[in-house]
Amino acid sequence: MATLVIVESPAKARKIAGYLGGGYVVRASLGHVRDLPSTKADIPERYRAEPWATLGVNPETFSPIYVVPASKRATVKELQGLAAKADRILFASDMDREGEAISYHLSRLLKVDDPVRMVFTEITKDALQKALQSTRPLDLRLVAAQEARRVIDRLVGYRVSPLLWTSVGGKLSAGRVQSAALMLLAQREMARMRFRPATFWVIRADGLTRPKFTAIVTHVRSQDHPAGLPIAKASDYTQDGELKEGAQVLEMTDEQAQALSTYLDGKDAAVTRVEVSETRSRPAPPFITSTLQQAGGRLKLSAKQVMDLAQKLYEGGYVTYMRTDSPALSDEALTEARREATRLFGPAAVSAQPRQYATRNKNAQEAHEAIRPAGTTWRAPDTVGLSGNELAVYTLIYQRTVASQMHDAVFDKTVVTLTCGAATLTAQGRVLKEPGYLQLLQDDDEDQENQTLPKLQEGQRVPLKARPPEGKKTSAPTRYSEATLVQAMEKAGIGRPSTYAQTLSTLQTREYVRPVGRHLGVSAVGLLVTTYLARQVPEVLERDFTATMEAGLDDVAAGETTRVAYLTRFWTEGLAPTIRKASRDAPSLPLPHLAGTRLRATASGPHLVRCGQSVPLPPEVLPADLTEADADAIVQGVWTPTKPRARKGSSAAGDKDGPKPSRKRKATTAPRKRSAKSGKGAE
């Protein structure tokens, strides 16, 4: 036997074996082959007397105990047998920290003193041949960073979770990333409960020209305000339903709104100003892990589903490695993306110079190429032989990458100001002048700005037809969807893109959150866990603390600090003293939208405390969705679940502004005609 190549998954092993041919044996490790012990039975005999043994880590020295899980013993035995016969062993697990750690643990188990890494970001014959010619030693800095992350997560989870067991109840869990993500969700949920709506009016009138257009009243002049006072809009109000401090606006009554609409109907308005300007929309960068997870929402796929599909596409040789923080493309990929754009839409589709997008991750070890179609010659989606969700995700990646190298979309934007009596009206329109990347990607933005305005001149008279005045209420803060939560986590520096899908899955598995349409509502348990942690161990919820920890891991990976120094700073000198001082009192949380009502943790589960009574809260009830009537019924023991009535365009009742799926053009081998609508790069 010549060379043993060890990868992570069987599908990847089969694909690579087909490319490498004779002289190579390719096997899968099935992920990690060693980890910290998960049960007491897994702890080796020589450690069982240690007071820290159940942690699997010595908190004084941060020395971990590594064991081979029972589920991996057969795999390890097989690999040891193959390794004993091999002339050469190449460790070809993924090129991120986790992959480096897998290779490290394999090398220890296979007794390889100088492990050799074979790394690649796409599974094609050319890429594999290049990888064989450019092997490298194991990067122990990446291994140290992964081990530091694993140790700190174990210490946080195993030291904080028991606090929750006695204070909130049940076999609950806390985690460095999951708790910070839960805090984001809980803060939004509490903001929804504190929200008080304000009423405002929108008054529109149609200009009876050809084509017809719609204008909106923006200001009203009066004796006290001869220059005009803006009509109040949603952004002028606080979440408490009060005008923001310093807001100088006109709050219209029902009667005033109706009177103004009646006055405008049938009158002529004078055009007082016409402004024409050029605006540009730039294509979005190629996908990184987080933006791909966000885009999956448009396909009605969860972050985990998107990552699982991307993994299959990677292992099948369709796309490059799907865990990356870098939107940059290689010179080879830039050339091919431009070639595809030219093939589809002609030479004028691309600029003279390639567009390159810079990485925002300072850690060069993990700043790999963006997610893109694999190979030196890309296959259009209609020729790739995929179907269903795999085809949808491949199409998303293909279109985003090709579009990133196309010209900006250019628009002529027109803003028209009209006056009619005391009212000032504004109409906006935008006309696509140069489609650029929108030849491939089309946005479904249908707002008023996209109407086509007639050619109007200053001083021109325009007859108006008033629409009925629209009484509106300000909207409560929208619950996070998976996509918007991923975006918020990335912005706050919570976790790494590769952890987002698992974090979202854990929050739902633990029943801390529950899907509400396409959004995530926080359960009573989730709110009580957050309440307890915020009072007793606030560091695990703080964005800055978590982001600083991630930056520390980057420093370990870059060799700028050591694993022990990192763990000492964030555990010994940071979290450990706080955890030791934490109280185990049961948390209680007032519900802002229900007077005299609160949640209370008990040994039997969350209770609703109201009118001097404490009763179990039905597990299917989300506290933020409770009404006064529901709360009374629960206390009286007569509550029955009802099916929520979703409003048109809503994700769920009371949650009306969920993300809408974009209408995407199927990529073909030739351009298609499109309407002159506006658009932005998919994000």
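**Salt bridges and sheets**

Colleague: How many salt bridges does the structure hold?

Modeller: The structure holds 38 of them. A salt bridge here is a side-chain nitrogen of Lys or Arg within 4 Å of a carboxyl oxygen of Asp or Glu.

Colleague: And the ground rules?

Modeller: This is a predicted model, so local features need pLDDT of at least 70 and side-chain atom pairs count only at pLDDT 80 or more, while totals for chains, interfaces and linings use all residues. Residues are numbered from 1 along each chain as its sequence is written, and side-chain values use heavy atoms, with hydrogens and water left out.

Colleague: Which residue does Glu 189 meet in a salt bridge?

Modeller: Arg 479, at 2.9 Å from N to O. Glu 189 sits in helix α6 (residues 176–194), and Arg 479 in the loop between β14 (470–473) and α12 (482–492). The pair therefore ties together parts that are 290 residues apart in sequence. Helices (H or I, at least four residues) and strands (E, at least two) are DSSP runs, numbered from the N terminus.

Colleague: Is Glu 189 buried or exposed?

Modeller: Buried, at 1% relative accessibility. Arg 479 is buried too, at 2%. Buried means under 20% relative accessible area, exposed over 50%, partly exposed in between (1.4 Å probe, protein chains only).

Colleague: What does Arg 141 pair with?

Modeller: Asp 139, with the closest N and O atoms 3.5 Å apart. Arg 141 is partly exposed at 36%, whereas Asp 139 counts as buried at 11%.

Colleague: And which partner does Lys 472 have?

Modeller: Glu 470, where the closest N and O atoms are 3.5 Å apart. Lys 472 is partly exposed, with a relative accessible area of 31%. Glu 470 is partly exposed as well, at 24%.

Colleague: Which residues do shared partners join into one network?

Modeller: Glu 278, Arg 280, Arg 355, Asp 408, Asp 412 and Lys 433.

Colleague: Switching to sheets. What is the order of the open sheet of four strands?

Modeller: β17-β18-β19-β20, with antiparallel pairing. Two strands pair if DSSP finds at least two bridges between them. The edges are β17 (588–590) and β20 (613–616), each pairing on one side only. The twist averages 25 degrees from one strand to the next.

Colleague: How many bridges join β19 to β20?

Modeller: Four, and β19 covers residues 607–610. Arg 610 stands opposite Gln 613 in β20.

Colleague: What about the open sheet of five strands, what is its order?

Modeller: β2-β1-β3-β4-β5, and the pairing is mixed. Its edge strands are β2 (24–28) and β5 (136–137). Strands β3 (residues 88–91) and β4 (residues 116–117) run parallel, joined by two bridges. Leu 90 stands opposite Val 116 in β4.

Colleague: Which helix lies across β1 and β2?

Modeller: Helix α1, residues 10–20, and β1 covers 3–7. Helix α1 runs at about 170 degrees to β2. Axes are lines fitted to C-alpha atoms, for helices over the stretch in contact (heavy atoms within 4.5 Å). Angles run from 0 to 180 degrees between N-to-C directions.

Colleague: Last one. How many helices and strands are there in the protein?

Modeller: There are 17 helices and 20 strands. Of the 683 residues, 54% count as buried. The C-alpha atoms fill a box of roughly 90 × 75 × 45 Å, taken along the principal axes.
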